[in-house]
Structures are given as structure tokens and as C-alpha cells.
Amino acid sequence: MLDRDPMPVVARSQCPGAIDCWQVIEVDSHVNNRIATIFRLSCLQVSAHWDFAMNDRRNLFNKVWDVHSVRTLASGQTQLFIGLHLIHEVTSPQAFSILRDRGLNVQYPERTLATVDHIIPTENQSRPFLDVLAEQMMSSIERNCREFGIRLFNLDDHRQGVVHIVGPEQGLTQPGMTIACGDSHTSTHGAFGSIAFGIGTSQVADVLATQTIAIGKPLVRKVEVTGALRRGVFSKDVALHIIRRLGVQGGVGFAYEYSGDVFDRMTMEERMTVCNMSIEGGARCGYVNPDRTTIDYIKGRPFAPRDADFDRASAWWLSLASPKNAEFDDIVSFDGSAIEPTVTWGINPSQSVGVTEKLPTLASFSVDDQKGIQEALNYMELTEQQPIRGLKINVAFIGSCTNGRISDLREAAAIAKGRKVAAGVKALVVPGSQLVRQQAMDEGLDKVFEAAGFEWRSAGCSMCLAMNPDKLQGREVCASSSNRNFKGRQGSPTGRTLLMSPAMVAAAAVNGCVSDVREML
């Protein structure tokens, strides 16, 4: 167990507009001891001191928040201790520059893990990279991790991969933790019953220097999905359905607790997909209560507790779950059996329909929303009441931190097996990590994809955000298992993205158009 003498805490000034203004906060003995206690607890996340009373009606979010709260700042924000900090090559260089400019060190380097994912090529990974800026970012994170003593999963490390896939598969992501990363989709880690935030570059510097962030506490909304999913409906469809119904701004000011029969039956990888998409619905984060599925997934992973420590940690993790009479600020419920394979048609993730539906009419939206809907239709070159099924595609992308795990590849391979990618369609499969890639190869999935005409790539973010050579060209339409369909998201300022499940992407790839995967199972 890690046990250090507490250090002074440094945090950003809360004066308006002072994004890069730092000040040393005078820490009294109570706050100093509080930080030291939280630090020791977060090493194992278990202590009788934090046993919860039987009549405690706090939901998991509020329990974890309270345990990690250092104090309330003058701004009304909470100074929150961060148990795990994940960094990558894109949002970390500026943060390290801030530390150097102010003569600061990384306070707890063992609590930060670095990997490379966003800008790395997935085809030719020879160094130096052809992209000069990408090579600069790679060199920067290598230098920074050496200088500040941070563990780095580089390209020559078999554990390298997309940051939100690496954390869980290594057992770094555990229930009851606070997790931060300079990436929007950090909410993925909430699948384990942690509270995980995407943060900006200046906050990355905050965590490096202080192991804390200044953050406002959101409200908590319970999002229930009851019943059972029908055949051919996957966790990605659940996520898109929730966002469609609540809107891309519906979660602003909230953390989402996902619950109900559908989530109870989901695997950890399926839960990660839904939590990953929380940010697309405007939520600050999303989480699922830990249960036996959670415990079984973590057990035996490299960074998980061992033996008696694991048993004690597991008992505490399970105790964090929201009680049946937990208090929430809002509750919404959906019928899982009503969800069908879902496809986005517009320029944000809420603009979607079931695969058997037609696109909506302008009149079905409020007057305030109609301008945005018309903009989406114009950009996508679609019309009201047009069927989504049959829409032609040019590119198919399977991968990303949303859907680049082994279960995603298995689902897509089941559709691709014995079939061929349609003429004129470029299809890519990009595993989310080197470990996922190796497991897929051990199972022969790479051969299935290659026989069908898919390109089998190395691990990375790839065409999710196209900060690498994997980009759309011109007005190409891409069936994508990623998380965003914004204008220009996949590398072309005029490219068009249709979000769907990996199985649906595979179906679109072999048919050359949006298809109902249920007919191919």
C-alpha cells in the first residue's frame, strides 16, 4: 500500500478568466490530513472507516464524491482528489509545459498512466512518423514520461492501446475511484462504479501537480432501461436510443446512473459502451453500480488487488452500490424491448432513427429546433421521411474506445464470416488495444475479416477522430462504430458519418448500404 507524507496542494486560482493562473493554497492540518487519508484509502479503496450506514440513502455517485472531497472552495466548487489519472499524447504536452513554466513537479507520478493512441498510424507505425506533428507529439510524451517518472505504454509495449480500453483491461479502473483524463470519453470507466471525468489541458496540469481538480458537483439522474433487448439489438443501440430521447443537451448538469434489467444483464464491455456515450448526451459522467459481473471482470487483472486484499476490496466495492431507496434528483425510464438497431442520420448523436424507420419531418420538431434539423438534412443530403435503410456507404469503420473491444470484434466477425465487403466499400477493423488485437488473432477473427475484404489494422483511435492517416475523403459516407458524427469528425470537412453498432457496421459493409443486421444473424 502506498503511503506518503502529505504535500502542499496547488490549485488554479478561481478568479474569472484565470485559466492559467496558479496559486498556492495554504493548507491547514485538517485539509492536509484529509488528502493523506484519501490517498491511502484510494490505494486499496477499502477501510472500515468508510463503512456506510444501513440507513444511508446516498446513491453511489454521492458516496464516492464525498469520500474523495478534500474541501469546498470559495467558488463553491469541490476540490476533488483523483485516484487515477490517464494521459495520452494529444492533451498532455501543454500540461507538462505549464508545470515546467511554474517549476512544479508531478506530485504522485505513480497515480498517472500514459499511453499513445490518438495520432498513431494504424497501418505503418515506423518511426519517425510521416506526419511531423504526430512525431512531435510522440517524442513529447516519451520525453515527459521519462523526466517526470510516469509509466508509459508505448508502441513497443504489448499493453499499448486506446486509453479507455487500456485502463479497464489492466485492472487500473476499479469501483469507487475518481478517474480523470484529458479526453471527453473518460466516462467509459463509470461502467465499473467509478466516477470518471473528461478534463481540459489546464486541468490535466492541475492533476499532475496536485492530484486534485476543482469541479462543480452535478446532480444525479437515474436512467432505467427495463425489460429485455431483442435479438440483434446491442449496447450501442441502447446508448443511441437514450441520447435520442433525452437529447444531446439533456444531461447537462447531471451524472447518469444507468440501472434496470437491461444493464444488470450486460457484460462489462457492453456497460462500457453505454457509459462511453454519456458525454454525447450532455452528462458530466455516467456509471453502473458494481455487482458480481464487475468483480469477476476485475479479478486477476495486472493492477487489481490480490488474494485477501481482493476479497476485502470486493466487499467494499459492492457496498458502494446505490441502495434500493437511494435518492436521485431525477429518474427516467425506457422499455428495452422497444429499442431496435439504431442509426444516426444527422450531425449529432441524438439525430437517429431505428433501422426500420424513416427520417423525421421538420414539423415534428419545435420551431426552435427546425433550423438545426434542416441544417443536418442539407449537410447529409437527406430528405424528410426518407428511409434510413438502403442508404449507400463508402467506408465502414469498426473500432474506437466505444466499440473496439473483443466482444465488438466478435459481433462484427459473426456478420462478416462467409461474406464479402461490397464493391467500392473501404472497410477497416481497428482493435482498441494490442491485447485485444492479439486475442482476436488467437481466435482467428483477423482471418475472418481479411477473407471478407476488411483491412486488419494495429491498435489506435484511427478513424474515430482522424488525427492520423485514417480519414474520410471528400463527401464519403462512413458507417462507423465510433461515438461522434459531427461535421468533419472523421477527417474530411465534408465527410458524413452514420453511427451504429459494430454488427450493423459489418452488415453495411457487406451490403454496401445501411442494413438491418437482424436479417443476417
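The side chains of which two residues meet in a salt bridge with an N to O distance of 2.9 Å? They are D516 and R518; a salt bridge is a side-chain nitrogen of Lys or Arg within 4 Å of a carboxyl oxygen of Asp or Glu. This is a predicted model, in which local features need pLDDT of at least 70 and side-chain atom pairs count only at pLDDT 80 or more, while totals for chains, interfaces and linings use all residues. Residues are numbered from 1 along each chain as its sequence is written, and side-chain values use heavy atoms, with hydrogens and water left out.

**The chain as a whole**

- The chain contains 17 helices and 21 strands; these are DSSP runs numbered from the N terminus, with helices being H or I of at least four residues and strands being E of at least two.
- Of its 521 residues, 62% count as buried (buried means under 20% relative accessible area, exposed over 50%, and partly exposed in between, with a 1.4 Å probe and protein chains only).
- Among contacts (heavy atoms within 4.5 Å) with a separation of 6 or more, 75% come from residues 24 or more positions apart.
- The chain exposes about 19,600 Å², and carbon and sulfur atoms supply 50% of that area; accessible areas come from the Shrake-Rupley method with a 1.4 Å probe, and for residues only the protein chains shown count as cover.

**Salt bridges**

- Side chains of opposite charge can pair when their charged atoms come close.
- A search of the whole structure finds 26 salt bridges.
- E327 lies in the loop between helix 11 (307-319) and strand 14 (330-335) and R57 in the loop between helix 1 (29-44) and helix 2 (60-68), so the pair ties together parts 270 residues apart in sequence.
- R457 and E123 form a salt bridge whose closest N and O atoms are 3.7 Å apart. Because R457 lies in the loop between strands 19 (455-456) and 20 (477-480) and E123 in the loop between strand 6 (112-115) and helix 4 (132-148), this pair ties together parts 334 residues apart in sequence.
- R457 is buried, with a relative accessible area of 5%, but E123 is exposed at 61%.
- A network of salt bridges links E123, K426, E455, R457 and D470.

**The second largest pocket**

- This pocket (on a 1 Å grid over the protein atoms alone, an open set of points with protein on both sides within 12 Å along at least five of seven lines) holds about 350 Å³ of space.
- Its lining has 16 residues (each with an atom within 4 Å of a point), and S350, Q351, F365, D369 and I373 lie nearest its centre.
- Helix 12 gives the most to this lining, with 4 residues.

**The largest cavity**

- There are 4 cavities of 30 Å³ or more; a cavity is a set of grid points where a 1.4 Å probe fits but cannot get out.
- The largest cavity holds about 70 Å³ of space, a volume being the space filled by probe spheres set on points joined across faces, edges and corners.
- Its lining includes A239, I242, Y256 and M277, and helix 7 gives the most to it, with 4 residues.
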